[in-house]
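Subject: Handover of a structure and summary of findings

Dear colleague,

Please find below the structure that I am handing over to you.

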Amino acid sequence: EVYFKNLSKQKQKQVMEKNGNNHKLRVCVATCNRADYSKLAPIMFGIKAEPNFFELDVVVLGSHLIDDYGNTYRMIEQDDFDIHTRLHTIVRGEDEAAMVESVGLALVKLPDVLNRLKPDIMIVHGDRFDALALATSAALMNIRILHIEGGEVSGTIDDSIRHAITKLAHYHVCCTRSAEQHLIAMCEDHDRILLAGCPSYDKLLSAKNKDYMSIIRVWLGEDVKTRDYIVALQHPVTTDIKHSIKMFELTLDALISFNKRTLVLFPNVDAGNKEMVRVMRKKGIEHHPNFRAVKHVPFDQFIQLVAHAGCMIGNSSCGVREVGAFGTPVINLGTRQTGRETGENVLHVRDADTQDKILQALQLQFGKQYPCSKIYGDGNAVPRILKFLKSIDLKEPLQKKFCFPPVKDNISQDIDHILETQSALAVDLGGTNLRVAIVSMKGEIVKKYTELNPKTYEDRLELILKMCVEAASEAVNVNCRILGVGISTGGRVNPREGIVLHSTKLIQEWSSVDLRTPISDALHLPVWVDNDGNCAALAERKFGHGKGIENFVTLITGTGIGGGIVHQHELIHGSSFCAAELGHIVVSLDGPECLCGSQGCIEAYASGIALQREAKKLHDEDLLLVEGMSMKEEEVVSAAHLIQAAKLGNTRADSILRTAGTALGLGVVNILHTMNPSLVILSGVLASHYVNAVKDVINRQALSSAKTVDVVVSNLADPALLGAASLVLDYTTRRIY
């Protein structure tokens with residue numbers, strides 16, 4: 001907010017000059033139903049809060065004004081907005097003909113309203129037939145149109161209406177990267193497309209911690225607990241009304257059999273509505289002890305209800321869009337939302353043709369908790385939209401320009417309010433330091449934060465959350481869109497559950513720790529966790545020498561020895577998440593003791609701890625320092641001193657390093673004979689000291705068919721952070737239903 005207010009003050013003068021001295025942008029927001037108001041209200045509040053820039057006119061029409069749908073215009077009045085015009089535009093009948101007649105009635109009434117208001121721009125939302133009438137009227141009357149949520153894909157006639165409005169609109173606010181690419185492919189002007197996220201997420205992401213039990217009790221009864229009830233919201237499918245009514249009947253039968261308290265919202269005003277209401281009454285839903293049937297729930301309260309539900313079921317876009325912000329399980333029925341991008345919380349039942357199939361879906365989903373998803377927004381949509389509105393130059397020609405031919409998917413614009421950099425929050429939990437970074441899709445570390453890693457679990461988790469919140473806030477200022485959080489940590493990790501199973505001795509109080517849940521709940525972002533060695537391999541696969549290589553191995557040579565194995569382009573975790581513990585390959589039966597309790601491991605020879613141990617022995621025997629070296633009295637002996645001594649001609653130190661290199665090389669030979677990779681990447685601070693020794697051992701010891709392997713030193717500065725980021729970037733950018 002502070003950033004946006006400062007930006008507004010800086011640009012106020014030049015915007016006034018551009019659009020004429022003291023001319024405020026007159027914005028008409030037209031809302032047709034409870035669903036579109038939940039998206040438009042945050043924008044309306046933002047416009048109202050800046051009277052120096054904007055004049056707001058509110059037009060209410062459609063089902064807002066019908067008693068059967070809850071007279072939802074009252075919630076607009078309760079939000080303290082002045083309604084300038086009320087238009088009764090719905091022709092009752094709830095069939096296809098009534099929808100057409102409603103559009104015609106709106107087209108008859110709207111010209112008089114628009115002539116009277118004379119707005120500079122009209123904001124239209126979504127894909128409803130009412131919105132098509134609004135866009136058609138404004139376009140024919142030479143009024144600029146800003147369309148919210150264009151470019152998305154779903155089922156039914158809504159797709160055609162949404163794309164028709166896109167062709168009429170002059171400016172576009174979309175919610176996802178895919179929607180933006182669809183608009184570009186539809187030949188819309190790149191400079192007039194804003195990727196902002198969904199405005200409703202600005203409210204959603206600040207809502208979950210509010211008092212919710214009283215709301216649940218009001219709507220579902222005093223005895224209902226959180227995660228122990230269902231929210232059902234199902235609408236007619238206008239392209240197949242008969243089937244959608246049958247599916248609704250099966251859904252109600254399944255819910256009755258499932259025997260959980262259920263809040264059922266009445267369907268919308270589309271054709272088929274009456275038949276669905278008859279099905280509800282035929283089955284006695286309004287009087288059933290397990291059901292509460294309501295026409296409307298205020299959006300603030302609806303947020304709380306779905307956030308704490310055990311499951312949501314139906315075919316509303318709310319289920320696949322907004323509910324993902326809370327990780328609530330969703331069962332999406334039928335084809336109405338086919339093509340929508342969804343989070344992992346959504347289970348699709350495309351052919352919901354039997355009660356048993358729906359019942360099985362309820363049994364699978366009910367009571368689960370998924371990572372929070374930000375596919376449709378990050379809570380900062382309204383500031384972006386207001387900034388976009390202020391950039392509109394009313395002196396520009398009104399006639400739309402289309403960009404032919406369609407541009408390629410990878411073309412982007414360097415305009416701050418149009419394009420933000422897809423990025424990840426990367427967390428690296430080391431033995432000494434805790435680091436958090438904003439990492440872009442190209443592997444650029446945009447911003448990095450470093451703190452000492454606390455010794456206790458509570459302090460460590462508190463610091464992680466604090467640093468992540470700070471980085472996420474800063475991401476808006478540096479024009480980055482955070483897609484999720486990736487965490488790299490030492491020890492054995494279950495990446496499926498986001499749990500650290502066992503930690504290394506370097507990180508205390510770090511076993512059986514669930515990292516995903518608290519961080520996802522706090523940031524409303526999906527979270528991925530993996531071992532630091534695996535993360536190093538992922539970093540190489542995405543940004544380093546492993547890019548495009550089918551089979552390769554990464555070895556980390558640092559305080560300990562770790563690594564990751566990529567086979568057929570996929571990371572290997574193993575049956576108990578213990579794969580690629582490469583530091584514990586035994587190369588000698590009677591070698592030095594390792595921290596793992598065994599003897600003769602690579603780590604006991606070649607790790608930084610092992611070299612430090614040998615350096616201390618030499619120092620204690622007064623055999624470490626040679627001419628050209630000096631140490632302060634309080635200085636701690638380290639592996640670096642051993643390496644320096646070897647370079648300056650200390651034969652004992654050089655022998656220790658050669659033994660360490662040989663041990664590492666023998667381990668690599670074992671890997672070659674087991675996995676047969678085409679590439680071995682040495683990473684970490686000791687990699688450059690070992691690479692030649694490893695190559696020599698391979699030439700002496702490996703089978704001739706394995707000697708062709710390439711051995712290289714990593715060129716990545718921060719493989720742990722980049723690997724943590726790739727956990728996010730590789731997954732979120734391909735998760736499209």
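The notes below describe the domains, the sheets and the helix contacts in turn.

This is a predicted model, in which local features need pLDDT of at least 70 and side-chain atom pairs count only at pLDDT 80 or more, while totals for chains, interfaces and linings use all residues. Residues are numbered from 1 along each chain as its sequence is written, and side-chain values use heavy atoms, with hydrogens and water left out.

Domains

The domain assignment of the protein, whose bounds come from an automatic or database source, gives domain 1 (22–198 + 381–391), domain 2 (205–365), domain 3 (413–544) and domain 4 (545–715). The centres of domain 1 and domain 4, taken over C-alpha atoms, are separated by 63 Å.

The parallel sheet

Helices (H or I, at least four residues) and strands (E, at least two) are DSSP runs, numbered from the N terminus. Two strands are said to pair if DSSP finds at least two bridges between them. Strands of a sheet pair through backbone hydrogen bonds, either parallel or antiparallel.

An open sheet of six strands has the order β10-β9-β8-β11-β12-β13, with parallel pairing. The edges are taken by β10 (291–294) and β13 (346–349), each with a single partner strand, so one side of each is left without a neighbour in the sheet. On average, neighbouring strands of this sheet are turned by 20° against each other, direction ignored. Strand β8 (residues 229–233) runs parallel to strand β9 (residues 261–265), and five bridges join them. Ala232 has Val264 in β9 as its bridge partner.

Axes are lines fitted to C-alpha atoms, for helices over the stretch in contact, and angles run from 0 to 180 degrees between N-to-C directions. Helix α9 (residues 213–220) lies across β8, β9 and β10 and runs at about 80° to β9. Helix α12 (residues 299–307) lies across β8, β9 and β11 (311–314), at about 125° to β8.

The mixed sheet

A further open sheet has five strands in the order β16-β15-β14-β17-β21, and its pairing is mixed. At its edges stand β16 (445–452) and β21 (527–531), each with a single partner strand, so one side of each is left without a neighbour in the sheet. From one strand to the next, the twist averages 20°. Strand β15 (residues 433–440) and β16 run antiparallel and are joined by seven bridges; Ala437 has Lys448 in β16 as its bridge partner.

Helix α16 (residues 457–477) lies across β14 (421–429), β15, β16 and β17 (480–489), running at about 25° to β15. Helix α18 (residues 532–543) also packs on the sheet, where it touches β15, β17 and β21, and its direction makes about 110° with that of β21.

The hairpin and its neighbour

Strand β18 (residues 492–494) pairs with strand β19 (residues 499–502) in the antiparallel sense over three bridges. Val500 in β19 is the bridge partner of Val493. The hairpin of β18 and β19 has four residues between the strands, and Gly498 takes a positive phi near 70° there. Strand β20 (residues 513–514) runs antiparallel to β19, and two bridges join these strands; Ile499 stands opposite Asp514 in β20.

Helix pairs

Angles under 35 degrees count as roughly parallel, over 145 as roughly antiparallel, 65 to 115 as roughly perpendicular and the rest as oblique.

The axes of helix α10 (residues 241–258) and helix α11 (residues 273–282) come within 10 Å and cross at roughly 25°. α10 is therefore roughly parallel to α11. In this contact, Ile245, Phe248, Glu249 and Leu252 in α10 meet Glu275, Met276, Val279, Met280 and Lys282 in α11.

Helix α20 (residues 608–620) and helix α22 (residues 651–675) have axes that come within 11 Å and cross at roughly 160°, and the two helices are therefore roughly antiparallel to each other. Here Leu611, Glu614 and Leu618 in α20 meet Arg652, Ala653, Ile656, Leu657 and Ala660 in α22.

Yours sincerely

How values were computed:
Contact = heavy atoms within 4.5 Å.
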